[in-house]
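Reader: I am new to reading protein models. Please take me through this one.

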Amino acid sequence: MTETTIASPDAAVASADSVFAPLRATLGDRLVFDEAVRAEFRSDFGRIVHRLPGAVARCETTEEVAAVVRFCREHGVPVVARGQGHTQTGQSTTEGGIIIDTAYMKTIHHIEQADDANLYADCGGGLPWKDLVNAVVPLGLIPPVLTNNLNVTLAGTTSVAGLGVASYRYGTQADNAIELEVVTGTGDIVVCSREENRELFDAVRCTFSQMGIITRVKTKLRRCKPKVRMYHLLYDDLGDFMEDAAKIMDPADTRFHTLESRCAPCPIFMKRIG
């Protein structure tokens, strides 16, 4: 099917029998054609690519996301899912198509903490990691891996791996996903995991939402202490650093949970002690 764009939003909604009537019936005023709103979505964090979408669908449920995908598939309209738009080269915007804004899908459905071997949070895909951290830290829990920017969403980083300073021990955020709810390219809603629909589970992680739109994430948690101790060490020999880093990353040594290093021409980590 040839892709089309929404060339004239005003004309598109001018009459009740507009082609967009089914979507308006589902989303109401959350299907937005206002140019000022659309302009907010024309680029992403990279500010390299600029595309003006034809409409923004502010979805609150998986069923609404599926309805938008089915509509776009039927009418050949480009569609892109977007969380916080933290992509680098325009992956979360589209020229003349529909952007699915998942920022409204941020409910924490359940936090499991009774069994230490089965700690997890079940959340809407649009939930920022910061909100999850704020909810679970008072319970003595933390996601195993966090990126430096906590304002990105669970579905967003699960779609692009999600690397952090604890990844050497716990993998990526995508590795820590237990179960995902996904809207496929045909508009079907599928729950997948390592045990169920494994092929889809593997396909949607780390693929920029090109294989499906993640709408719900069940992600692992781990126990954490109320306070942490940080060490800043300065090395002038790469070999010495690599040797010590290998010791810290030894799976048998569980004293350390994060490791971050930088190569800098000046000793930015130095501070006077005592």
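This is a predicted model: local features need pLDDT of at least 70, side-chain atom pairs count only at pLDDT 80 or more; totals for chains, interfaces and linings use all residues.

Reader: Which helix gives the most to the lining of the largest pocket?
Author: Lining residues have an atom within 4 Å of a point. The largest pocket has 47 of them, and Met230, Tyr231, Thr258, Leu259 and Glu260 lie nearest its centre. Helices here are DSSP runs of H or I with at least four residues, and strands are runs of E with at least two. Strand S11 (222–223) and helix H9 (238–248) each supply at least two lining residues, but the most, four residues, come from H9.

Reader: Which strand supplies the largest share of the lining of the second largest pocket?
Author: The second largest pocket holds about 970 Å³ of space. It is lined by 43 residues, with Ala81, Gln91, Phe208, Ser209 and Gln210 closest to its centre. H4, helix H6 (154–158) and strand S10 (213–220) are among the elements that each supply at least two. The largest share, four residues, comes from S3.

Reader: In what order do the four strands of the open sheet lie?
Author: Two strands pair if DSSP finds at least two bridges between them. The edge strands, each pairing on one side only, are S1 (31–32) and S3 (79–82). The pairing is mixed, and the order is S1-S2-S4-S3.

Reader: Which residue stands opposite Arg58?
Author: Strand S2 (residues 55–58) and strand S4 (residues 98–101) run parallel, joined by four bridges. Arg58 faces a residue in S4, and that residue is Asp101.

Reader: What percentage of the residues count as buried?
Author: The protein has nine helices and eleven strands. Its C-alpha trace spans about 75 × 45 × 30 Å along the principal axes. Buried means under 20% relative accessible area, with a 1.4 Å probe and protein chains only. Of the 274 residues, the buried share is 43%.

Conventions
Residues are numbered from 1 along each chain as its sequence is written. Side-chain values use heavy atoms; hydrogens and water are left out. On a 1 Å grid over the protein atoms alone, a cavity is a set of points where a 1.4 Å probe fits but cannot get out, and a pocket is an open set with protein on both sides within 12 Å along at least five of seven lines; lining residues have an atom within 4 Å of a point. Grid points are joined across faces, edges and corners, and a volume is the space filled by probe spheres set on the points. Buried means under 20% relative accessible area, exposed over 50%, partly exposed in between (1.4 Å probe, protein chains only).
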